[in-house]
Amino acid sequence: MSLIAAGTGAAPAEPETLENNGFWPAIAPRDFRDATRLDGTVTAPRLVQALQVAMADVNRQLADWQQDQQDDGAQTLADVTPPAWAIAGHYALLYRRAVYATAHASLLERYRDVSATEDGDERGEAKDHAADDIRRDARWAVAEIEGRQHTTVELI
């Protein structure tokens, strides 16, 4: 005989949208979860914390750029004139990418597979490499917002 449990309770509510500093767009945890394909193993409080820390980090990195835009009269990111080649919502898209990638990399590092076997160690190392790649995406998004190149190379 087998048991299939269904309807064991309501799924936990997704956290509310996280307000930002007034210049940058708010971040919706549901959109982040969908974009990064995170499953329910990441709890809502941990998800919110990772997003808030990522928002603070990205906002700090972009503080000078934000101040320059505000000095030019932009009250919010929507007031910033994008380059002629850019798509609508260019800066908001890059900002979300930077925040999502920062939060996702942080979560990947903390949710390594729990296993005492060699296979578990290999999966954990693969997640570490994935976190590094995702963190690179965040750096590139910040660089693009600031109008910088992705890579700086210097000959010695």
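Leaving aside neighbours within four places in sequence, Pro29 is in contact with Glu14, Pro15, Glu16, Thr17, Leu18, Leu47 and Leu51. The structure is a predicted model, and its protein chain has five helices and zero strands, so that the order of elements from the N terminus reads α-α-α-α-α.

**The chain as a whole**

- The protein chain holds 156 residues, of which 35% count as buried.
- The accessible surface of the chain comes to about 10400 Å², and carbon and sulfur atoms account for 51% of that area.
- Among the contacts in the chain with a separation of 6 or more, 64% are between residues 24 or more positions apart.

**Pro29 in helix α1**

- Pro29 has its place in helix α1, and it counts as buried because its relative accessibility is 1%, where the cut-off for buried is under 20%.
- Thr17, which is among the contacts of Pro29, lies twelve residues away from Pro29 in sequence, with a C-alpha to C-alpha distance of 6.4 Å.
- Leu47 and Leu51, also among the contacts of Pro29, belong to the part of α2 that meets α1.

**Helix α1 against helix α2**

- Helix α1 covers residues 29–36, and its axis and that of α2 come within 11 Å and cross at roughly 90 degrees.
- That angle makes α1 roughly perpendicular to α2, since angles of 65 to 115 degrees count as roughly perpendicular.
- On the α1 side the contact involves Pro29, Phe32 and Arg33, which meet Ala44, Leu47 and Leu51 in α2.
- Sorted by class, the residues of the contact of α1 with α2 are five nonpolar, no polar and one charged.

**Helix α1 against helix α4**

- The axes of α1 and α4 come within 11 Å and cross at roughly 70 degrees, and the two helices are therefore roughly perpendicular to each other.
- The crossing of α1 and α4 is right-handed.
- Asp31, Phe32, Ala35 and Thr36 of α1 make this contact with Tyr100, Ala103, His104 and Leu107 of α4.
- The residues of the contact of α1 with α4 comprise five nonpolar, two polar and one charged.
- Phe32 of α1 takes part in the contact with α4 and is also one of the α1 residues that meet α2.

**Helix α2 against helix α4**

- Helix α2 (residues 44–61) packs with helix α4 (residues 90–110) at an angle of about 130 degrees, and their axes are 8 Å apart.
- α2 and α4 are therefore oblique to each other, because an angle counts as roughly antiparallel when it is over 145 degrees and as roughly perpendicular when it is 65 to 115 degrees.
- As with α1 and α4, the crossing of α2 and α4 is right-handed.
- From α2 the contact draws on Arg46, Leu47, Ala50, Leu51, Ala54, Met55, Asp57, Val58 and Asn59, and from α4 it draws on Tyr95, Ala98, Val99, Thr102, Ala103 and Leu107.
- By class, the residues of the contact of α2 with α4 divide into eleven nonpolar, two polar and two charged.
- Leu47 and Leu51 of α2 contribute to the contact with α4 and also to the contact with α1.

- Leu108 lies in helix α4, and its relative accessible area of 17% is why Leu108 is buried.
- Leu108 and Val42 are 66 residues apart in sequence, while their C-alpha atoms are 9.9 Å apart in space.
- Arg37 sits in the loop between α1 and α2, and with a relative accessible area of 76% Arg37 is exposed.
- Most residues other than glycine have a negative phi, whereas phi of Arg37 is near 55 degrees, a positive value.
- Ala78 is found in the loop between α3 (63–71) and α4, where Ala78 counts as exposed because its relative accessibility is 72% and the cut-off for exposed is over 50%.
- Ala78 and Ala92 stand 14 residues apart in sequence, with a C-alpha to C-alpha distance of 8.0 Å.

Technical notes
Residues are numbered from 1 along each chain as its sequence is written. This is a predicted model: local features need pLDDT of at least 70, side-chain atom pairs count only at pLDDT 80 or more; totals for chains, interfaces and linings use all residues. Side-chain values use heavy atoms; hydrogens and water are left out. Axes are lines fitted to C-alpha atoms, for helices over the stretch in contact, and angles run from 0 to 180 degrees between N-to-C directions. Helices (H or I, at least four residues) and strands (E, at least two) are DSSP runs, numbered from the N terminus. Angles under 35 degrees count as roughly parallel, over 145 as roughly antiparallel, 65 to 115 as roughly perpendicular and the rest as oblique. A crossing is left-handed if the near helix is turned anticlockwise from the far one by less than a right angle, and right-handed if clockwise. Contact means heavy atoms within 4.5 Å. Ala, Val, Leu, Ile, Met, Phe, Trp, Tyr, Cys and Pro count as nonpolar, Asp, Glu, Lys and Arg as charged, and the others, Gly among them, as polar. Buried means under 20% relative accessible area, exposed over 50%, partly exposed in between (1.4 Å probe, protein chains only). Accessible areas come from the Shrake-Rupley method with a 1.4 Å probe; for residues, only the protein chains shown count as cover.
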